[in-house]
Amino acid sequence: MKKLMSRILASLLVAGAISVAASWFINMPSKEMLGTWVAPDYGQVMRITRLRAEVYRTTAVSCFREYAFPAHLGLVKLIAGASIERRNDMLELSVDGVLEPIRHTRSEFPSECAEPDHIDQRRKPATKRSPLQAPTI
């Protein structure tokens, strides 16, 4: 009886792993979607690989990674209510509840985004103060 249960459990795990792999393969970004895409009007840079997508926020003086997520287009639609589609020479990011999609054009990855510790110079990091020090107003 224990062997039968072990075999059933193993079969279910294997079937689950195959289902996840098949789902990932089916919902993977197409070859035409891979690469770096920029939406300058929104200050957004999107870098898409087969397994991961990263979204960067850019300003006149900074670039930082805003978020990253698995490049599983079905999962993105299900969890975030967003879809990413290639139309002509553009990549469109559509979000549920937003009228117009954010349109991206293909570009090189900005050099300021490649520096992992690059921060907005206008944002000063909070300095620690002594608990005995009076707050400044």
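**Reading the terms**

Guide: Among the contacts in the protein with a separation of 6 or more, 41% join residues 24 or more positions apart. A contact here means heavy atoms within 4.5 Å. The model is a predicted one: local features need pLDDT of at least 70, side-chain atom pairs count only at pLDDT 80 or more, and totals for chains, interfaces and linings use all residues. Numbering starts from 1 along each chain as its sequence is written, and side-chain values rest on heavy atoms, with hydrogens and water left out.

Visitor: What makes up the protein, and in which order do the elements run?

Guide: The protein has three helices and seven strands. From the N terminus the order is α-β-β-β-β-α-β-β-β-α. The elements are DSSP runs numbered from the N terminus: helices are H or I with at least four residues, strands are E with at least two.

Visitor: Why is Val 38 called buried?

Guide: Buried means under 20% relative accessible area, exposed means over 50%, and partly exposed lies in between, with a 1.4 Å probe and protein chains only. Val 38 has 16% relative accessibility, so Val 38 counts as buried. Of the 137 residues of the protein, 26% count as buried.

Visitor: What surrounds Val 38?

Guide: Val 38 lies in strand β1 (residues 35-39). Neighbours within four places in sequence aside, Val 38 touches Gln 44, Val 45, Arg 103, His 104, Thr 105 and Ser 107. Thr 105 in β7 stands opposite Val 38. Leu 91 is 53 residues away along the chain, yet its C-alpha atom is 9.0 Å from that of Val 38.

Visitor: How do you know that β1 and β7 pair?

Guide: Two strands pair if DSSP finds at least two bridges between them. β1 and strand β7 (residues 102-106) have two bridges, in the antiparallel sense. Trp 37 has Arg 106 in β7 as its bridge partner.

Visitor: Which strands sit at the edges of the sheet?

Guide: The seven strands form an open sheet in the order β4-β3-β2-β1-β7-β6-β5, with antiparallel pairing. The edge strands are β4 (63-70) and β5 (82-87), since each pairs on one side only. Neighbouring strands are turned by 25° against each other on average, direction ignored. Helix α2 (residues 73-80) packs on the sheet, touching β4 and β5, and its direction makes about 135° with that of β5. Axes for such angles are lines fitted to C-alpha atoms, for helices over the stretch in contact, and angles run from 0 to 180 degrees between N-to-C directions.

Visitor: What makes the phi of Asn 88 worth a remark?

Guide: Most residues other than glycine have a negative phi. The phi of Asn 88 is near 55°, a positive value in a residue other than glycine. Asn 88 belongs to the hairpin of β5 and β6, which has two residues between the strands. The hairpin of β6 and β7 has six residues between the strands, and there Gly 97 takes a positive phi near 90°.

Visitor: Is Asn 88 buried or exposed?

Guide: The relative accessible area of Asn 88 is 74%, so Asn 88 is exposed.

Visitor: Why is Ile 8 called partly exposed?

Guide: Ile 8 has a relative accessible area of 40%, so Ile 8 falls in the partly exposed class. Its place is in helix α1 (residues 2-26).

Visitor: Which residues make the nonpolar surface patch?

Guide: Met 1, Leu 4, Met 5, Ile 8 and Leu 12 make a nonpolar patch of about 580 Å². Patches take residues with over 30% relative accessible area and no salt bridge; like charges are joined within 9 Å, nonpolar side chains (Val, Leu, Ile, Met, Phe, Trp, Tyr) within 5 Å. A salt bridge is a side-chain nitrogen of Lys or Arg within 4 Å of a carboxyl oxygen of Asp or Glu. Accessible areas come from the Shrake-Rupley method with a 1.4 Å probe, and for residues only the protein chains shown count as cover. The protein exposes about 10,200 Å², of which carbon and sulfur atoms supply 61%.
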